[in-house]
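Take a walk through this model with the viewer open.

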Amino acid sequence: MLDLLFRGTQLIDGSGAPARTADVGIRQGKIVAVGRIHEKATNTLDAGGLALMPGIVDVHTHYDAQITWDPTLSPSVSLGVTTAILGNCGFGIAPCPEALRETMVKNLSVVEGMDLAALLQGTRWEFETFAQYLGALERMRPYANVGVLAGHSTIRTAVMGEEASTRSQPTPEEMAKMMSILRDALQAGAAGFASSFSPNHSGWGGNPMPSTIASDEELKTLAGVLKDKRKGIFVMATGPRATPEFMESIAAETGRPAFMVTVLTMYDRANPGRALDYYERCSKAIARGHELYIHTSCQPLSFDFTLREPYILYSHDAFDRVKAAPAEARAPIYTDRSFRQRLRENFRNPRSGILFFGDWSQVELDGVPVTRLAAAAKKDPLDLVFDLPLDTQLVAKLFQNDDDGVAPLLRHPAGVIALSDAGAHLIYFCDAGFGLHFLAHWVRETGTFTLEEGVRRLTSHPARHYRIPDRGTIEAGKWADLLLFDPRKVGLSGLQRVKDLPGGGTRMMRAPVGVHGVWVNGLQVFDGVKYSPQPDGPGRVLRIFDS
């Protein structure tokens, strides 16, 4: 007797093979039969007219804290995600000694645009070590499968305390301790190691995130633990400092797959050839036998910020004194004519690693470009922005905003579709539905991908690259992580502001369109409208990965 039988579905199995009409049988969380099935089932679902695909694998999320109070990982599960990787960019909450909990979440609140009150009130601290964190997640029973990367900044903070953001050189004892913690994390089941050299990654009070001030030697020494353990992937927010050649050297030295995350690999109208050049350099590394891939965003990249925490502008030297000042003391700096003049000079002569070059048409206030607001007010756009109250929410849409420029990157063999940033920047926007957007825009609307290839790029492709076993395809013996949807309608709702964070905070959310159900390990977790009531979530904490 089967537990669940899908009858007559359009099967897109995640392998890239042509779609076909088939039945799919589930028992004890796994797929046991595909084709024409005569065995009876406890529950039978007539899926005629709908498509069944593997659940979406999201390898770039930031649910590290939220999952401790929200095991549904909302909204990702409702948007078709059945497996999520946490700990990206090297930012997380484990390991974390009790005395450093506030330091850890304050940094996280700034660098990933999270509600600090929600982090302080909602995070359930039932752990200190990385292994204890994985154990806590298992007890919390998430609705999706989760893997966790051991984070450079998190480990550095656990060892060096608040000095991790101000002291570039650890002592030999501190270095040895960091290596020991990383070894223990990998032994406990970490998916790999993550770090950041991005100059745009700043934490509490404008201080750099700890890994961004670490030396190349420190990073390579820690990454070397992957070689010693013969397991784990390496993922890095590279900025301009960690070039493809630098990343290839780590992949070569460790023998492990490496992944780049940087706006330099995203289409930019101001420098249209740069991104593709990065992809080609990664392809050459792959041809040399060194796995080096790029996290590729299928959505325009948005950056949320306020003048209280204007992190996307910190790379300009006009902001040196802003970063040094307490947040409440920043308004007088913005009114200073010399500050505004210096910023204009920065825009005219940008240095390496800059996110924003002064095109104010890319910055929106309540969905309206600043340039349009400035024209209506008969003001210079820069003056309009810096006359705003400190907490005015602004969104900069800087990269991946031209389909003709983005399509070659999405198709490139060195890319892995990712960068939802789910769980982060939730105060201002929600990109957690990247997979549904991909199916709607890049498959149905533009025809850039066939449905079969589009599904493969969201499922088995990231699972294989991240060494996630037995997930990403619909075939006998694999775990039953499934998404039932209508290809003619699948997509996303508009943004909705929801007040549901711990402490009463709000966040931006999207709802699925054309989704008829999501299953994780054979159990339904979302029915297309609401989460399915479960005493315990069916998701697994992933600890074992392929070599």
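Is phenylalanine 319 buried or exposed? Phenylalanine 319 is buried, because its relative accessible area is 0%. Keep in mind that this is a predicted model.

Aromatic pairs come next. The structure holds 21 aromatic pairs. One of them joins phenylalanine 319 to phenylalanine 339 in an edge-to-face arrangement. The ring centres are 5.2 Å apart, and the planes make an angle of 75 degrees. Which parts of the chain does this pair tie together? Phenylalanine 319 lies in the loop between β13 (301-305) and α9 (320-324). Phenylalanine 339 belongs to helix α11, residues 337-348. The pair therefore ties together parts that are 20 residues apart in sequence. Phenylalanine 339 is also buried, with a relative accessible area of 1%.

Phenylalanine 319 has another ring partner, phenylalanine 386. This pair is tilted, with 50 degrees between the planes and 6.2 Å from centre to centre. It links distant parts of the chain: the loop between β13 and α9 holds phenylalanine 319, while phenylalanine 386 sits in helix α13 (residues 381-386). The two residues are 67 residues apart. Phenylalanine 386 counts as buried, because its relative accessibility is 3% and the cut-off for buried is under 20%.

Now step back from the single pairs. Ring pairs link Tyr314, Phe319, Tyr334, Phe339, Phe347, Phe356, Trp360 and Phe386 into a cluster. Select these residues together in the viewer to see the cluster.

Rings also meet charged side chains. The charged end of arginine 241 sits over the ring of phenylalanine 197, at 3.4 Å from the ring centre. Elsewhere, lysine 30 lies over the face of tryptophan 479. Here the distance to the ring centre is 4.7 Å.

What is the strand order of its sheet? The sheet is open, has four strands and runs β13-β16-β14-β15, with antiparallel pairing. The edges are β13 and β15 (368-369). Each has a single partner strand, so one side of each is left without a neighbour in the sheet.

Follow the pairings across. β13 and β16 are antiparallel and share five bridges. Serine 302 has lysine 397 in β16 as its bridge partner. β14 and β16 pair over two bridges, again in the antiparallel sense.

Why is β16 largely enclosed by the rest of the structure? Five of the six residues of this strand (residues 394-399) are buried, so the strand is largely enclosed.

The buried residues of α16 are Leu451, Gly454, Val455, Arg456, Arg457 and Leu458. Two arginines, Arg456 and Arg457, are among them.

For contrast, go to alanine 375. This residue is found in helix α12 (residues 370-377). Alanine 375 is exposed, because its relative accessible area is 56% and the cut-off for exposed is over 50%. Asparagine 145 is 230 residues away from alanine 375 along the chain. Their C-alpha atoms are separated by 49 Å.

Finally, zoom out to the whole chain. The protein chain has 17 helices and 24 strands. Its C-alpha trace spans about 80 × 60 × 50 Å along the principal axes. How does the radius of gyration compare with that of a compact globule, and what is its value? With 547 residues, a compact globule would have a radius of gyration near 24 Å. The protein chain has 23 Å, so the value agrees with the globule rule.

Buried residues make up 62% of the 547 residues. Among contacts with a separation of 6 or more, 73% come from residues 24 or more positions apart. The accessible surface comes to about 20000 Å². Carbon and sulfur atoms hold 50% of that surface.

Notes:
Residues are numbered from 1 along each chain as its sequence is written. This is a predicted model: local features need pLDDT of at least 70, side-chain atom pairs count only at pLDDT 80 or more; totals for chains, interfaces and linings use all residues. Side-chain values use heavy atoms; hydrogens and water are left out. Rings of Phe, Tyr and Trp (its six-membered ring) pair if their centres lie within 6.5 Å; planes under 30 degrees apart count as stacked, over 60 as edge-to-face and the rest as tilted. Buried means under 20% relative accessible area, exposed over 50%, partly exposed in between (1.4 Å probe, protein chains only). A charge sits over a ring if NZ of Lys or CZ of Arg is within 6 Å of the ring centre and within 35 degrees of the ring normal. The radius of gyration is taken over C-alpha atoms; the globule rule is 2.2 Å times the number of residues to the power 0.38. Contact means heavy atoms within 4.5 Å. Accessible areas come from the Shrake-Rupley method with a 1.4 Å probe; for residues, only the protein chains shown count as cover. Two strands pair if DSSP finds at least two bridges between them.
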